[in-house]
Amino acid sequence: MPTMSENRPASTEEFIPLSVPELRGNEWLYLKECLDTGWVSSAGPFVERFERQIAAAVGAAHAVAVVNGSAALQIALQVAGVKPGDLVLCSDITFIASANAIRYANAEPVLIDCEPDYWQIDVNLVRRYLSEECERRDGQVFERARQRRVSAIMPVHILGHAVDLAPIQAIAAEYGLPVVEDAAEALGTVYRGRRIGSHGTRATCFSFNGNKILTTGGGGAIVTDDPAVAARAKYLTTQAKDDPVEYIHSEIGYNYRMPNMLAAFGCAQLEMLDSYVEKKREIAARYAEALGGVKGLSVMPTPPYGESTYWLYTIKIDAEGFGEDWRGVLRRLTELNIQTRPLWEPMHMSKVHRDCRFVGSTISENLYRSCLSLPCSVGLSPSDQDRVIRALVQRK
């Protein structure tokens, strides 16, 4: 099967990509300022400006800008107290970067299946694992079978929808566990009236990769209301430098700070965030209206407790009812110069994470075998969206 970027057919129609950046603001102006002033590396006025603005955009007190979302997760976990050999509860259906970041912290994921209604981490399975498979000792939680410490919960807000955070936070409080949110796909997503990043968890991590709703080309951020968490994260991501002048270091740090040029790019993008979120929701509404009644297709349900940004607009395909599985749809739309993408392989099926403890049944596997994401760039025109819809439903 061809990948998304190779073996494009010789079609007479223009290529419609899955999700590409929208550059219509002050990107050129702010980048030119970096070049004109010479502030192009990991120091410069745009870094702190971007941190202030991203914190304000999500309603958090502090932000630390880093080189990518994976770095944000790794550092947030370490600051939350995750130690080598620990276990971290994580969503099973997610991009592999989520589970990888736990490994970067020298810990191991415990993979939790998703619930069937909104495809987010199953809160009931989190509680079942902690109550039935773990024990509390000296104020800490240990998995009984392996006698390894459980040190954090890392729910992943997938595809622009929100995890139901309140019960996760209640369980975490009951067991004394910090919550680190993976919100790589959820910038602008609203949960119970407030944006993700403002709900008082230990830290929330965002990604600004090229296919996200806001991009810095590459980059990420840790947001938090805790000044100590922010200070510690900034310290670790700046090579753990103890003295502003001399090269004194008392522990291992990382060269993870976001460069000024990327921060400048991000400042320009942030100025457009609200309009981009609005456009994403308009695209989702048009897809839902056009596809909601098609036999064999199910549009991704929106949780009643939140407002999604529909980072990737994803449909579920019942091969028997629709007469074609997702692989067939992907191949057929590829031939029409329309890019689509399957859902991620669940982490418990991944060759590199299949040795981890998995809690659940077959929900994530079933979604993996039936879901496809459709073009939904902020700049997707109504005519191109209509073309995607026609191509999807009007088979030969």
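Before anything else I wrote down my burial terms: buried means under 20% relative accessible area, exposed means over 50%, and partly exposed is in between (1.4 Å probe, protein chains only).

**Ground rules.** I'm looking at a predicted model, where local features need pLDDT of at least 70, side-chain atom pairs count only at pLDDT 80 or more, and totals for chains, interfaces and linings use all residues. Residues are numbered from 1 along each chain as its sequence is written, and side-chain values use heavy atoms, with hydrogens and water left out.

**Overall look.** I found 13 helices and 17 strands in the protein; these are DSSP runs numbered from the N terminus, with helices (H or I) of at least four residues and strands (E) of at least two. The radius of gyration is 21 Å, close to the 21 Å from the globule rule for 396 residues, so the protein is as compact as a globular protein of that length. That radius is taken over C-alpha atoms, and the rule is 2.2 Å times the number of residues to the power 0.38. I also noted that buried residues make up 56% of the 396.

**Contacts.** I counted a contact as heavy atoms within 4.5 Å. Of the contacts with a separation of 6 or more, 72% are between residues 24 or more positions apart.

**Helix H5.** Which residues of H5 (residues 123–132) are buried? I got Val123, Leu125, Val126, Tyr129 and Leu130. They cover an arc of only 165 degrees around the axis, which puts them on the same side of H5. The arc is that of the directions from the helix axis to the C-beta atoms. The face turned away from the buried side carries exposed Asn124 and Glu132.

**Serine 41.** I found serine 41 in the loop between helix H1 (27–37) and helix H2 (45–58). Serine 41 is partly exposed, at 46% relative accessible area. Leaving aside neighbours within four places in sequence, serine 41 is in contact with Met258, Pro259 and Asn260. I also checked methionine 261: it is 220 residues from serine 41 along the chain, yet their C-alpha atoms are separated by 6.9 Å.

**Two positive phi values.** Leucine 159 has a phi of about 65 degrees and lies in the loop between strand S6 (148–154) and helix H6 (165–175). Is leucine 159 buried or exposed? Leucine 159 is buried, with a relative accessible area of 1%. Glutamine 239 has a phi near 60 degrees, and its place is in the loop between helix H7 (227–237) and helix H8 (260–270). Glutamine 239 is partly exposed, at 37%.
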